[in-house]
Amino acid sequence: MSTARVDTEVQAVPPSRFRPGDVAAAGFGSMTRRGARSVLSALGVSIGIAALVAVLGLSESSRAQLADELDRLGTNLLVVTAGQGFGTTTATLDTEAAARINHIGAVQRASAVAGTDVTLLRNEWMSTTDTRGLGLVGADGSLLDTLNGTVAEGTWPAAVWETAPVAAIGAEAAQRLGIADLSAGPTVRVGNRDVTVVAVLDPLTLASDLDRAVIISRPMADVVSGDELTPTAIYVRTDESTVDTVRSLLGATVSPLAPEEVEVTRPTDALAAKASAEETFTALFVGLGAVALLVGGIGIANVMIISVIERRTEIGLRRALGARRSHIRRQFLAESVALGLSGGIAGVLMGSVATVVFAKIQGWRVVIPPEAAVVGLVGAVAIGAVAGLYPAVRAARLAPTDALRGA
Amino acid sequence: MSTDTLLPPALDLRGVTKEYPGTPPVRALDDVDLRVEAGELVAIVGQSGSGKSTLLHVAGTLDRPTAGELRISGVETTSLSDDQLAAVRARHLGFVFQQFFLLEELTATENVALGLAYQGVAPDERRARAVDLLDRVGLGHRGHHLPREMSGGERQRVAIARALIGGPSLLLADEPTGNLDSRSSQSILALLHELHDEGVTIVVITHDPEVAEMAPRRVTVGDGRILTEER
């Protein structure tokens, strides 16, 4: 039979192919042609990714800032205060406690601070009620070094600390007292005498109480208050590696009979704790970003479904030209991935800009973790793919005859 | 012609039946035998509802017959998978539709090149062949124009070029002049004749007897059957 002969001549039909470059071109092409609609549908993903990148960037920046700060302040500062005693008594630190702490080998320096209830006035003509919420404290001359503090104006009078009627004032105190310039030798009234302000301190992050204090020597504070003052706090700077050891020794050193009544804190722990409290907010914002991403993904899915409906005849035509179902699926997936990727790129840029701006405003070091950008882009692509899956499958399922009839 | 006998028929339907489910089922094609030899120009004529559109869809492998055999250039298609049918369309078939179905966002050249999109041909070569084919259908100067900037006749020429670019064994034209004024219709029919003279196998499906008149062979369908054949 002639047909049998003919059949043997038939060459195998090579399979249809849809080159990867064509898939990408089809996806990006139809995305760019649908200008405004594409922008709007990718916006949700952009916002979500931007939120995530900004949150991660800002939390990294603030953590870097904290690390810098801790590095500068040193985590080897301990504060000894009198704890609550058993029963009704309040434990006190004795006047020699700081000296005893200084004898511990691993202690670099220990400085006592004693609060007073002496009335503090700008000058002797002020009403005695006008203390502006400031306090007078007596301190050891080594205090500034122990705190790693710095002086904004003037100099710390180490040489004449216990011999001259001089005072250093905290940053907040300087502001409330209206003392900015020391050249005229401003004085403040403590009790019944004047002391000359010779130093204005920078804010003391680890001893912020002292920012609102006028600081004089302990002997002078005793004189002014007419009492032998016991320390309210002792700041202890230890060797970097022996903080914990020193910490365990301090109770017994200060109060051999009741070591448990002595409270030892490490102020940098409080800063770190504050930072970890902020992490909770970070988690919250990450959650919000995730919700924005979900909404963004739904937006892309929505626009893709519309796209499939609008392009029924294109689907039918492509099938007639030899496209397999999988080629159609790939084309629409490529389009939604393109939307996701574009949204992701825009989002990473927006998030980075937001991080830079906000970190600059806060005076932080700007850190944008590269992982955030990578995760953002990968996430955006994944969202695009997931959002496009259903529309793409629907497009691929369309029978060519139905698609071509839909003109 | 001795060369023709060496080639398998471009289209060979044997006892093809197509039923659409329903109560009762609709029999759109009823035991159709039709053989189109390579190089023929055949008009399939019928009123709407005669089954001629179903015939085009089945012959174009866009729809599967319920019963019977379909060979495209000797390739038995009834046993082929969906993907294999797609390959047959890519290699052997060219479609021309009444509504042109050009992609509005692509230029004429890009639309023609799309005809090769699923054959694994490199983009540069697709473009080069598209330019040649546009020239062949008399639109060499319109390559960079978008469909909306062209007349209906020009658009159908672009669609014909797209159908031809893959070198199909069979060109299936569904009412190719249905959306055109009479002058454009004449020129499209003239183009089809030229292509036929160059050896392209063409099946034109139409309800218009005037279009059918121009074909050397006319097959009239009605009620899903072949009613008459004229040569």
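A: Helices are DSSP runs of H or I with at least four residues, strands are runs of E with at least two, and both are numbered from the N terminus. By that numbering, B:Pro24 is found in the loop between strand 1 and strand 2 of chain B. The model as a whole is predicted.

Q: How confident is the predictor in chain B and in the complex?
A: The mean pLDDT of chain B is 92, on a scale that runs from 0 to 100. A pLDDT of 70 or more is reached by 98% of the residues of chain B. For the complex, the predictor gives an ipTM of 0.94 and a pTM of 0.74.

Q: Why is helix 2 of chain A called oblique to helix 11 of chain A?
A: Helix 2 (residues 20-33) and helix 11 (residues 325-362) of chain A pack at an angle of about 60°, with their axes 8 Å apart. Angles under 35 degrees count as roughly parallel, those of 65 to 115 as roughly perpendicular and those over 145 as roughly antiparallel, with the rest oblique. The angle therefore makes helix 2 of chain A oblique to helix 11 of chain A. The crossing of helix 2 with helix 11 of chain A is right-handed.

Q: Which residues of helix 2 of chain A meet helix 11 of chain A?
A: Among them, on the side of helix 2 of chain A, are A:Val23, A:Gly27 and A:Phe28. In helix 11 of chain A, the partners include A:Arg330, A:Ala334, A:Glu335 and A:Leu339. Sorted by class, this contact has nine nonpolar, four polar and two charged residues.

Q: Why does the description "oblique" apply to helix 3 of chain A and helix 11 of chain A?
A: Helix 3 (residues 35-73) of chain A packs with helix 11 of chain A at an angle of about 40°, and their axes are 6 Å apart. The limit for roughly parallel is under 35 degrees, and roughly perpendicular begins at 65. Helix 3 of chain A is therefore oblique to helix 11 of chain A. This crossing is right-handed, and the contact has 18 nonpolar, 14 polar and no charged residues.

Q: How do you know that strand 1 of chain A pairs with strand 10 of chain A?
A: Two strands pair if there are at least two bridges between them. Strand 1 (residues 77-82) and strand 10 (residues 233-238) of chain A are joined by five bridges and run antiparallel, so they meet this requirement. A:Leu78 stands opposite A:Val236 in strand 10 of chain A. Strand 1 of chain A also pairs with strand 11 (residues 262-265) of chain A, in the antiparallel sense over four bridges; here A:Thr81 stands opposite A:Glu263.

Q: What makes strand 6 and strand 10 of chain B edge strands?
A: An open sheet of six strands in chain B has the order 6-7-8-3-9-10, with mixed pairing. Strand 6 (93-96) and strand 10 (225-230) of chain B each have a single partner strand, so one side of each is left without a neighbour in the sheet. Within this sheet, strand 3 (residues 41-45) and strand 9 (residues 217-222) of chain B pair in the parallel sense over four bridges, and B:Ile44 has B:Val219 as its bridge partner.

Q: How many residues does each chain give to the contact between chain A and chain B?
A: Chain B gives 29 residues and chain A gives 27 residues. Helix 3 (residues 82-92) of chain B supplies the largest share of the side of chain B, nine residues. That side has 14 nonpolar, nine polar and six charged residues.

How values were computed. Residues numbered from 1 in each chain as written. Chains lettered and ligands numbered in written order. Predicted model: local features only at pLDDT ≥ 70, side-chain atom pairs only at ≥ 80, totals over all residues. Contact = placed C-beta atoms within 7 Å. Nonpolar A, V, L, I, M, F, W, Y, C, P; charged D, E, K, R; others polar. Axes fitted to C-alpha atoms, helices over the stretch in contact; angles between N-to-C directions. Left-handed = near helix turned anticlockwise from the far one by under 90°.
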